[in-house]
Amino acid sequence: MASASHTPKVGDLIEIFVVGFQHWAVYVGNDYVVHVVPAGVRVSSIMCVLAKKAIVKKELLSEVAGKDEYRVNNKHDNKYPPLPSNKIVQLAMEKVGREVHYSLTHNNCEHFVNKLRYGISRSDQVMSVVKAITDATRLPIVGPLVVLGPRSWKKSTKSKALPSPRGPLS
């Protein structure tokens, strides 16, 4: 089920809105996309987080998206120059049928399509989750310091130096 976005052109990145995350594919023409699917699981399965291997597949966009919304999203075109569309399709088609290493954080479907289009492997989904975790883990540390203020950072009692176990220096 397409959104109001325009009809895909060869080499476009397709963002599919699966519950909880986005799945990515590259449009290769004639209603087909190439995408990475974790081996042995459905794209929409939570089990894909555990997958170590994936298969590169060429499938109909309508079958990959199913009832999920999708759109063309070449979001990095202003940051990175895309490869020529025929080169994107050539690279994608060369990979069809191959088993590839899969990692939710380092080599997922978004990394795959960005590498095809821009020559750069990146996943904004992963970066945003890492940023959210980083921001969240700072709060418990910084929060009490701000609430308690600088006075709580210093000890109120003087500490005495302990004698050295080696005795006095000569």
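Predicted model: local features only at pLDDT ≥ 70, side-chain atom pairs only at ≥ 80, totals over all residues.
The strands form an open sheet of six, arranged in the order β5-β1-β2-β3-β4-β6 and paired in the antiparallel sense. The edges are taken by β5 (70-72) and β6 (99-101), each of which has a single partner strand, so one side of each is left without a neighbour in the sheet. On average, and with direction ignored, neighbouring strands of this sheet are turned by 35° against each other. At one end of the order, strand β1 (residues 13-18) pairs with β5 through three bridges in the antiparallel sense, and within this part of the sheet I16 stands opposite Y70 of β5.

**Helices on the sheet**

Two helices that pack on the sheet are set out below, with the strands they touch and the angle that each makes with the direction of β2.

| Helix | Strands touched | Angle with β2 |
|---|---|---|
| α2 (residues 85-95) | β2 (21-29), β3 (32-38), β4 (53-60) | about 110° |
| α3 (residues 109-118) | β1, β2, β3, β4 | about 35° |

These helices also pack against each other, with an angle of about 135° between them and their axes 8 Å apart. Angles over 145 degrees would count as roughly antiparallel and those from 65 to 115 as roughly perpendicular; α2 and α3 are therefore oblique to each other. The crossing in which α2 passes α3 is right-handed. On the side of α2 the contact is made by I88, L91, A92 and K95, while α3 contributes F112, L116 and R117.

**The surroundings of D124**

D124 lies in helix α4, which spans residues 124-148. The side chain of D124 makes a polar contact with the side chain of R122, at 2.6 Å. When neighbours within four places in sequence are left aside, D124 is in contact with K75, H76 and E110; of these, E110 falls within helix α3 (residues 109-118).

Terms used
Residues numbered from 1 in each chain as written. Heavy atoms only, no water. Pairing = 2+ DSSP bridges. Helix = DSSP H or I, 4+ residues; strand = E, 2+ residues; numbered from the N terminus. Axes fitted to C-alpha atoms, helices over the stretch in contact; angles between N-to-C directions. Contact = heavy atoms within 4.5 Å. Polar contact = N/O pair within 3.5 Å; in protein donor to acceptor, adjacent residues only side chain to side chain. Parallel < 35°, antiparallel > 145°, perpendicular 65-115°, else oblique. Left-handed = near helix turned anticlockwise from the far one by under 90°.
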